[in-house]
Amino acid sequence: MCRTKSAAADQSPQSQPHVLLLVCGGIAAYKAIECMRGLQRAGCDVRVAMTDDACKFVGPTTFEALSGHAVATNLY
């Protein structure tokens, strides 16, 4: 479970919860952005992996810019 914002400010990167957000194709891919932002506000380090179909709804660069990490878009 992620901690509140005030507790997140006191965390070192090693103690920060890590979350992998998997995004698949569908209109809900847009909501995944809000989900990621909520997790970040709660103090989580969020990484994203997307299917090819999800990339048709939301570009991986959106998630890269917001998460600060590269987005996995294929198996290899």
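**Helix packing and cysteines in a predicted model**

Ser15 is partly exposed, at a relative accessible area of 40% (buried means under 20%, exposed over 50%, partly exposed in between, with a 1.4 Å probe and protein chains only). The model is predicted, so local features need pLDDT of at least 70 and side-chain atom pairs count only at pLDDT 80 or more, while totals for chains, interfaces and linings use all residues. Residues are numbered from 1 along each chain as its sequence is written, and side-chain values use heavy atoms, without hydrogens or water.

Ser15 sits in the loop that links helix 1 (5-9) to strand 1 (18-23). Helices (H or I, at least four residues) and strands (E, at least two) are DSSP runs, numbered from the N terminus. The C-alpha atom of Ser15 is 9.7 Å from that of Cys44, 29 residues away along the chain.

The structure holds zero disulfides (pairs of cysteine sulfur atoms within 2.5 Å). For Cys35, the nearest cysteine sulfur belongs to Cys44, 9.7 Å away. Cys35 is partly exposed at 39% relative accessibility. Cys55 is also partly exposed, at 25%.

Helix 2 (residues 29-41) packs against helix 4 (residues 60-67) at about 10 degrees, with axes 11 Å apart. Axes are lines fitted to C-alpha atoms, for helices over the stretch in contact, and angles run from 0 to 180 degrees between N-to-C directions. The two helices are therefore roughly parallel (under 35 degrees; over 145 is roughly antiparallel, 65 to 115 roughly perpendicular, the rest oblique). Ala29, Ala32, Ile33, Met36, Arg37 and Gln40 of helix 2 contact Thr62, Phe63, Leu66 and Ser67 of helix 4 (heavy atoms within 4.5 Å).
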